[in-house]
Amino acid sequence: MKKVVGNFWYAILAGVAIAVGGTSFLFNMSMDGSKLVGSVLFCAGLYAVCTLGFNLFTGKVGFVFENDPKQYLPFLVYVWIGNYVGSIIWGTVIRYVYAGNEKFLAAAEKVATGKINKASATPFALFVLAILCNFLVVLAVEEFIHNKHELGKYLGILACITTFVFLGFEHSIANMYYMAVAGKTTAGFLNIVIVTLGNIVGGVIIPGSRKFKAWCDR
């Protein structure tokens, strides 16, 4: 039980870490800053997750083939919930402390509304964007774990995460934060469900390909 509580706490912290990256992205956007700069700033979230060992759902999906499904699938469920809790907590706090910052709140509203509209108007496109996103997130995690060069570990995070944010791919945990900070957690739930499913598919492409290659090599 203590292990579950510890893992859940680390999932909350992962949600907060991604939300911090999302806050940087929105703040840059509110100042009419370059989208590229905002995309780079967003990397702080996954940097914290990888270096501190927090439990991020989109990253942990990539280890599904390396674990016993009976134990790992429940783990993924409570990690997802913990990420949601962390994102909502941070989003609520930021919405309160930036209550007087009209430009920031307008940026949050614009991002959240756009994502909600995607879920109702083009759900399949949203699903595909989520697949592409988590392919890059898991690629970043793989680089951090397996790259033999210390600098390469961090360049992998920078390149992959900057790319997915800049191209507008969809990350379920980031979207949890965007909905919360815009006060649209309930309205945005369909988006979260679709993007989560897409993230799951995108997250198993690299480990699934590794399994397939190993099977072909036998």
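Analyst: Let's start with a definition: a salt bridge is a side-chain nitrogen of Lys or Arg within 4 Å of a carboxyl oxygen of Asp or Glu. This is a predicted model, so local features need pLDDT of at least 70 and side-chain atom pairs count only at pLDDT 80 or more, while totals for chains, interfaces and linings use all residues. Residues are numbered from 1 along each chain as its sequence is written, and side-chain values use heavy atoms, with hydrogens and water left out.

User: Okay, how many salt bridges does the structure hold?

Analyst: The general idea is that side chains of opposite charge can pair when their charged atoms come close. Here you'll find five salt bridges. One of them pairs Glu 170 with Lys 118, with the closest N and O atoms 2.8 Å apart. These two sit 52 residues apart: Glu 170 is in the loop between H7 and H8, and Lys 118 is in helix H5. By the way, helices (H or I, at least four residues) and strands (E, at least two) are DSSP runs, numbered from the N terminus.

User: Is Glu 170 buried or exposed?

Analyst: First the scale: buried means under 20% relative accessible area, exposed means over 50%, and partly exposed is in between (1.4 Å probe, protein chains only). Glu 170 has 0% relative accessibility, so it counts as buried. Lys 118, at 27%, counts as partly exposed.

User: What about the bridge from Glu 170 to Lys 115?

Analyst: There, the closest N and O atoms are 3.1 Å apart. Lys 115 is in helix H5 and Glu 170 in the loop between helix H7 (150-166) and H8, so this pair ties together parts that are 55 residues apart in sequence. Both Glu 170 and Lys 115 are buried.

User: Which residue does Glu 109 meet in a salt bridge?

Analyst: Its partner is Lys 184, at 3.2 Å from N to O. Since Glu 109 lies in helix H5 and Lys 184 in the loop between helix H8 (172-181) and helix H9 (189-203), the pair ties together parts 75 residues apart in sequence. Glu 109 is partly exposed, with a relative accessible area of 34%.

User: How do I read the packing of H5 and H6?

Analyst: Two packed helices are described by the angle between their axes and the distance between the axes. For H5 (residues 102-121) and H6 (residues 123-146), that's about 120° and 5 Å. Those two helices are therefore oblique to each other. (Under 35 degrees counts as roughly parallel, over 145 as roughly antiparallel, 65 to 115 as roughly perpendicular and the rest as oblique.) The contact (heavy atoms within 4.5 Å) is made by Lys 118, Ala 119, Ser 120 and Ala 121 of H5 with Pro 123, Leu 126 and Leu 129 of H6.

User: And where's the nonpolar core?

Analyst: In soluble globular proteins, nonpolar side chains tend to be buried together. A nonpolar core is a set of buried Ala, Val, Leu, Ile, Met, Phe, Trp, Tyr and Cys residues joined through side-chain atoms within 4.5 Å. The largest one here has 52 residues, and Leu 26, Phe 42, Ile 161 and Phe 164 have the most contacts inside it. H4 gives the largest share of this core, eight residues. Apart from this core lies another one, of five residues, including Leu 126 and Ile 194.

User: Which residues is Phe 42 in contact with?

Analyst: Leaving aside neighbours within four places in sequence, its contacts include Ile 18, Phe 25, Ile 161, Phe 164 and Tyr 178.

User: How many residues of H8 are buried?

Analyst: Ten of its ten residues are, so H8 is largely enclosed by the rest of the structure. Among the buried ones are Ile 173, Asn 175 and Tyr 177. What covers them includes H1, H2, helix H3 (57-60), H4, H5 and H9.

User: What is the phi of Asp 32?

Analyst: Most residues other than glycine have a negative phi, and most peptide bonds are trans. Asp 32 has a positive phi of about 60°, although it is not a glycine. You'll find Asp 32 in the loop between helix H1 (2-30) and helix H2 (35-52). Asp 32 is exposed, at 67% relative accessible area.

Methods
Axes are lines fitted to C-alpha atoms, for helices over the stretch in contact, and angles run from 0 to 180 degrees between N-to-C directions.
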